Amino acid sequence: MAKPLFVINGPNLNLLGTREPEIYGHTTLADIEIQSRSCAVALGIALEFRQSNHEGQLVDWVQEARLSASALILNAGAYTHTSVALHDALKALQLPAIEVHITNPYRREPFRHTSYVSPVVTGVICGIGAQGYTLAIQALVTLIKAP
Ligand code: CA2
């Protein structure tokens, strides 16, 4: 059995769809999980979908992915812009990984223009809402299957 794809979500993403819909839309994280699972089933890959508000927990899960996942999708939320610990964990990952953001951070406040994640992942998808997750799943399945 192939290893699952890990989808890891960071702080406040559990609030999606409940506040600030003008920025983040109406889709909840539970909706995104359902969409991601149906995409993964269609592509024949298992999915592990998680969310935490705690930086150390996110680091633990990236380390777990190194051993137990086939690839990683990470929306690190605000830790994207601050976390050297996540940067270091991702550097050691040695798996295809895609950074996803619902919004386009480069159209927002200057403090969101720096990502500690981008330099240590395979690619970045941002600014197209929740569909960024399913596009990332499709891309990673293609990358995993590539010789
Ligand atoms: O656009 C994204 O996906 C972000 O990762 C979302 C983060 C933000 O800090 C990043 O700069 C970009 C925020 C997570 C969601 O925060 C919410 C706060 C209140 C209500 C709903 C969501």
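Modeller: Leu-47 touches Pro-4, Leu-5, Val-7, Ser-36, Arg-37, Ala-40 and Ile-137, leaving out residues up to four places away in sequence; contact means heavy atoms within 4.5 Å. Bear in mind that this is a predicted model, where local features need pLDDT of at least 70, side-chain atom pairs count only at pLDDT 80 or more, and totals for chains, interfaces and linings use all residues. Residues are numbered from 1 along each chain as its sequence is written, and side-chain values use heavy atoms, without hydrogens and water.

Biologist: Which residues of α2 are buried?

Modeller: First the general idea: an α-helix has 3.6 residues a turn, so residues three or four places apart point the same way. Here, the buried ones (under 20% relative accessible area, 1.4 Å probe, protein chains only) are Leu-29, Ile-32, Ser-36, Cys-39 and Ala-40. They sit on the same side of α2 because their arc around the axis is only 100 degrees, taken from the directions from the helix axis to the C-beta atoms.

Biologist: Which residues are exposed on the other side of α2?

Modeller: Ile-34, Val-41 and Ala-42 are, on that other side, with exposed meaning over 50%.

Biologist: And what do the buried residues of α2 pack against?

Modeller: Their partners are β1 (5-9), β2 (47-51) and α5 (131-145). Helices (H or I, at least four residues) and strands (E, at least two) are DSSP runs, numbered from the N terminus.

Biologist: What happens just after α2?

Modeller: Gly-44 takes a positive phi of about 75 degrees there.
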